[in-house]
Amino acid sequence: MLAGRPNVGKSSLLNALVGEHLAIVSPKPQSTRLPVVGLLTRDDTQYIFTDSPGLLEPEYQLHVAMRAAALRAIDDAEVIAYLHPLPEYPAPALTEVAKLNRAPRAPIVTVYTKADLAPTATARHRPLPSSTACVSAVTRQGLDGLLSTLRAALPESPFHYDPDEMATQPTRFFAAEFIREAAFELLHEELPYSVAVEIDEFREGADPLYIRAVVYVERASQKGIVIGDGGRTIKALGQAARVKIEALLGAHVFLELHVKVLPKWRRRDASLKRLGYVP
């Protein structure tokens with residue numbers, strides 16, 4: 001699994017390793033709320049990458065759920081790729097970052113990310129330990145070396161998934177995530193953090209494929225902003241999300257979006273459970 005603080009490049013690395021845009025990528029931190037599982041099968045090795053939420057200090061109930069999901073992923077992992085930006089070398093211990101009482105049972109591979117952004121005086125020009133990798137999701141530098149390092153730490157077992165599969169979650173999960181990603185791209189300030197998405201209908205037999213989704217916000221004033229003047233903003237959001245969904249599915253999509261208010265959903269356990277953020 002991929003672990004680390006928010007905005008260290010976990011989602012970008014997952015997408016680069018799998019070769020598909022599966023996980024939300026945003027300059028804004030904390031965009032990953034639920035683990036995203038990507039698959040890569042090479043010859044006799046199957047990699048199951050879990051992009052977990054960033055290890056953060058919770059401020060409200062959604063953060064508590066995100067941190068719990070990240071800690072569960074650490075507990076379940078067979079190998080932990082602990083990510084830290086190379087420009088901020090050296091990485092503190094994972095136990096410190098995650099505030100763990102004891103070291104994880106799984107072996108840890110420290111992965112320095114964003115190597116393309118590192119100045120020449122950093123660790124990029126120093127020999128790194130064998131349990132360490134240095135990568136760039138943008139230039140793909142070091143990805144093969146990282147896979148080799150992870151392969152050496154993986155236990156022997158039969159494949160868990162068909163070699164042609166690239167993800168474990170259903171398509172409707174990614175549809176909702178891509179709508180959220182479009183919200184992170186198009187909405188400003190803190191508003192994207194107040195957005196949640198629920199798929200109301202997903203009609204795969206139709207041509208184009210029909211998806212109806214609800215975009216939830218926490219206040220009536222936010223609803224007006226998301227809709228925009230004459231519906232301009234929600235239309236742009238839908239267009240951006242549809243392009244992402246079509247790229248993943250390789251099919252035409254008709255995407256219908258509605259905006260509703262779900263008061264203080266980030267702070268209410270019942271709403272988080274309804275939206276799938278807590279078991």
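Let's start with S130. S130 sits in the loop that joins β5 (108-113) to β6 (132-134). Strands here are DSSP runs of E, at least two residues, and helices are runs of H or I, at least four, all numbered from the N terminus. S130 counts as exposed because its relative accessibility is 70%; the cut-offs are over 50% for exposed, under 20% for buried and partly exposed in between, with a 1.4 Å probe and protein chains only. How far is S130 from S11? Their C-alpha atoms are separated by 24 Å, and the two are 119 residues apart along the chain.

A word on the source. This is a predicted model: local features need pLDDT of at least 70, side-chain atom pairs count only at pLDDT 80 or more, and totals for chains, interfaces and linings use all residues. Residues are numbered from 1 along each chain as its sequence is written, and side-chain values use heavy atoms, without hydrogens and water.

Now the whole fold. The protein has eight helices and nine strands. Its C-alpha atoms fill a box of roughly 60 × 40 × 40 Å along the principal axes. Of the 279 residues, 49% are buried.

Next, contacts, meaning heavy atoms within 4.5 Å. Take those with a separation of 6 or more: 63% are between residues 24 or more positions apart.

Last, surface and charge. The accessible surface is about 13600 Å², and carbon and sulfur atoms hold 51% of that. The areas are Shrake-Rupley, with a 1.4 Å probe. There are 32 positive and 32 negative side chains, and the centres of the two sets lie 7 Å apart. Lys and Arg count as positive, Asp and Glu as negative; His and the chain ends are not counted. Each charge is placed at NZ of Lys, CZ of Arg, CG of Asp or CD of Glu.
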